[in-house]
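Please read these notes with the structure open beside them. They go through selected places one by one.

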Amino acid sequence: MEHPFGPFTVPDIRDFVPEKLKPWILVFFVLVFQLSGGVYLAAVSEMTGSTALMQEDIMMAGYASLIGLSLNFALMFRLKFRFSIKTSLITCAAVIILCNIICVTTHSVPLLVTACLIAGFFRMWGTFACNTTIQLWVTPTRDFAVWFCYIYLIVANCIQLGGLTTGYISFFTRWEYMQYFIIGMLLLVILITYIVFRHYHGMPKLPLLGIDWLGCIMWAVIALCITFVCVYGEHYEWYESWQIRFASVVGVITLILNLWRASFIRHPFLCYDVMTHPQIIKIVLVYFAMYLLLGTEHSIEHIYTEMILGYDSIHAISLNWFVVAGILAGCAFTYITFALNHWRYKTMVILGFVSIFLYLLTMYLNADFNLPYEALVLPMFLRGFGSVILEIVLLTGIAQAGLPFPIFPQGLLINGLFSAVICGVFGATVVERVFRVMLKSNILHFGSTLDNVNPDAVNMPISELSWMLQSHATMVTIKELYGLLCIVAALFIIAFLLMRSTLRPSVFHPKWSTVRKLFKRSI
């Protein structure tokens with residue numbers, strides 16, 4: 001495609017590098033930054049086995065990385081207009097290397113969580129510095145719908161590929177080798193950046209003035225408190241423990257103080273215009289619905305594949321390849337229908353939820369003790385297909401919400417916090433809690449029939465009897481839960497069908513010179 005703004009170039013890279021190779025260098029950097037995130041949840045069982053940490057500690061650190069990543073959304077434009085790409089890439093890679101070294105050596109949970117939070121922040125900074133440089137290479141017209149298809153093609157696949165790489169490395173060697181591999185790749189990024197990049201400033205620097213750093217820290221505390229309550233709730237028996245009560249009180253007090261500050265300071269980290277915007281609220285509610293239905297991904301699926309089907313870690317993690325295939329197909333489908341042919345938001349949201357409904361229905365119908373491996377291909381594909389459609393469409397909806405560009409990054413912050421952290425951890429917690437309640441009920445129900453009056457249980461060893469009861473109750477509970485979620489998904493689809501909306505994607509990124517003027521004026 002011919003570029004309306006002239007031939008695409010990357011002036012930040014020295015002239016001896018061929019022009020056609022320059023954007024691919026930045027794509028490689030994006031992949032490296034996206035694969036680096038502090039801890040890797042795919043190796044959670046190996047980490048808990050070789051350290052003094054619990055599974056909840058590793059999960060908390062993983063979500064902290066996503067919180068740090070999300071907080072950067074509100075600052076990433078300001079960082080772009082202040083630092084050159086060379087400075088940004090070297091700084092981000094160096095900080096993430098330090099955080100990875102901490103993550104692989106420390107057994108302190110507060111230090112681990114802090115390192116992951118910082119690593120997530122710089123991971124997003126490095127990714128944004130690369131992506132914004134090649135934006136005109138991806139979409140010469142600056143079309144947000146096309147742009148977000150590319151973003152999620154990279155991000156969603158890197159999440160799955162990171163899990164696959166971690167799983168394979170942990171299975172054949174040790175989980176620490178994944179950290180060493182990423183450190184080596186980041187050192188390569190620093191070396192290439194130092195050799196082929198130059199300090200180039202296409203526009204005058206914009207100082208980091210008017211940034212609410214205290215508000216940033218307070219929103220981080222709020223998100224960490226929400227995550228702590230959801231992740232550690234079952235472990236500490238919810239509000240029977242002082243830890244959960246303390247985290248809840250700290251979170252509520254910090255939220256009240258943060259909202260109070262936002263009512264009178266000049267540049268709040270998250271302003272009321274964004275938090276109360278009707279379009280933003282609708283998108284957040286859709287995220288809650290989406291992640292409630294996908295709450296089976298990190299808990300129920302693992303219980304089913306490992307406890308019921310008896311898969312080892314390598315076979316369980318290999319299912320992610322089918323999710324990757326679904327993501328690729330979903331990005332291609334969204335690009336053709338949504339970005340190019342401008343299908344309605346309503347149509348795309350319904351298609352995404354229908355795909356998730358079919359995933360749940362397939363799992364409900366197929367779940368069995370002797371399910372063949374091939375039967376999991378379709379549901380995994382449908383899960384990846386539906387989730388990436390919704391993520392692209394909802395993120396484009398944030399861009400088309402009509403927010404003034406100086407506060408548009410705050411809309412991205414809300415999208416990141418809710419899509420990557422709050423809705424995800426909330427949905428998984430709700431599903432896991434419902435599963436535990438249903439499992440206890442089924443165990444009591446089936447256990448009442450296993451007594452000395454039952455001739456099948458007279459001569460059976462108690463250990464075998466207990467295992468049979470547990471596995472049978474677990475299998476029944478899994479099917480019941482998938483069936484319940486199918487009903488909920490069907491209700492969501494009906495609700496979307498009843499809504500009236502003709503909105504189609506039509507939003508474009510302004511020129512960077514225009515964006516800089518808007519931020520300078522807001523300061």
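1. Helices here are DSSP runs of type H or I with at least four residues, numbered from the N terminus. By that naming, Val104 lies in helix H5. The model is a predicted one, which applies to every point below.

2. Val104 counts as buried, because its relative accessibility is 16% and the limit for buried is under 20%. Which residues does Val104 contact, leaving aside its neighbours within four places in sequence? They are Trp175, Glu176, Gln179 and Tyr180.

3. Aromatic pairs come next. A pair of rings is described by the distance of the centres and the angle of the planes. The structure holds 29 aromatic pairs. In one of them, Phe83 and Trp125, the ring centres are 5.6 Å apart and the planes meet at 50 degrees, so this pair is tilted. Phe83 is in the loop between helix H4 (76–80) and helix H5 (85–105), while Trp125 belongs to helix H6 (residues 109–133); the pair therefore ties together parts 42 residues apart in sequence.

4. Are the two members of that pair buried or exposed? Phe83 is partly exposed, at 24% relative accessibility. Trp125 is buried, with a relative accessible area of 8%.

5. Other aromatic residues also deserve a look. One aromatic cluster is formed by Phe77, Phe128, Phe144, Phe148, Phe405 and Phe408. Two lysines sit over tyrosine rings: the charged end of Lys86 is 5.2 Å from the ring centre of Tyr194, and Lys479 lies over the face of Tyr364 at 5.1 Å from the ring centre.

6. In soluble globular proteins, nonpolar side chains tend to be buried together. The largest nonpolar core in this model has 171 residues. Phe33, Phe77, Tyr304 and Phe353 are those with the most contacts inside that core. Beyond residues up to four places away in sequence, Phe33 touches a list that includes Leu89, Ile96, Arg123, Cys130 and Val189.

7. Tyr304 leads on to helix H14 (residues 300–308), where Ile300, Glu301, Tyr304, Thr305 and Ile308 are buried. These residues cover an arc of only 125 degrees around the axis, which puts them on the same side of H14. An α-helix has 3.6 residues a turn, so residues three or four places apart point the same way. Just after H14, Gly310 takes a positive phi of about 75 degrees.

8. Most residues other than glycine have a negative phi. Glu237 is not a glycine, yet has a positive phi of about 60 degrees. Trp238, also not a glycine, has a positive phi of about 55 degrees. Glu237 lies in the loop between helix H10 (213–232) and helix H11 (242–262), and Trp238 is in the loop between H10 and H11 too. Glu237 is exposed, at 56% relative accessible area.

9. Where is Gln400 found? Its place is the loop between helix H18 (377–399) and helix H19 (408–447). Gln400 is buried, with a relative accessible area of 19%. Its side chain reaches the backbone oxygen of Arg504 at 3.0 Å. Not counting residues up to four places away in sequence, Gln400 touches Tyr345, Leu503, Arg504, Pro505, Ser506 and Val507.

10. Met54 is another loop residue, placed between helix H2 (44–50) and helix H3 (55–71). Met54 counts as partly exposed, at 27% relative accessibility. Residues up to four places away in sequence aside, Met54 touches Thr48, Tyr232 and His235. The C-alpha atoms of Met54 and His235 are separated by 10.0 Å, although the two are 181 residues apart along the chain.

11. Val284 has its place in helix H13 (residues 278–293) and counts as buried, at 12% relative accessibility. Apart from its neighbours within four places in sequence, Val284 is in contact with Ile414, Phe418 and Cys423. Val284 and Asp212 are 72 residues apart in sequence, and their C-alpha atoms are 24 Å apart in space.

Technical notes
Residues numbered from 1 in each chain as written. Predicted model: local features only at pLDDT ≥ 70, side-chain atom pairs only at ≥ 80, totals over all residues. Heavy atoms only, no water. Phe/Tyr/Trp six-rings, centres within 6.5 Å; stacked < 30°, edge-to-face > 60°. Helix = DSSP H or I, 4+ residues; strand = E, 2+ residues; numbered from the N terminus. Buried < 20%, exposed > 50% of the residue type's maximum accessible area, 1.4 Å probe, protein only. Lys NZ or Arg CZ within 6 Å of the ring centre and 35° of its normal. Core = buried A, V, L, I, M, F, W, Y, C linked by side-chain atoms within 4.5 Å. Contact = heavy atoms within 4.5 Å. Arc of directions from axis to C-beta. Polar contact = N/O pair within 3.5 Å; in protein donor to acceptor, adjacent residues only side chain to side chain.
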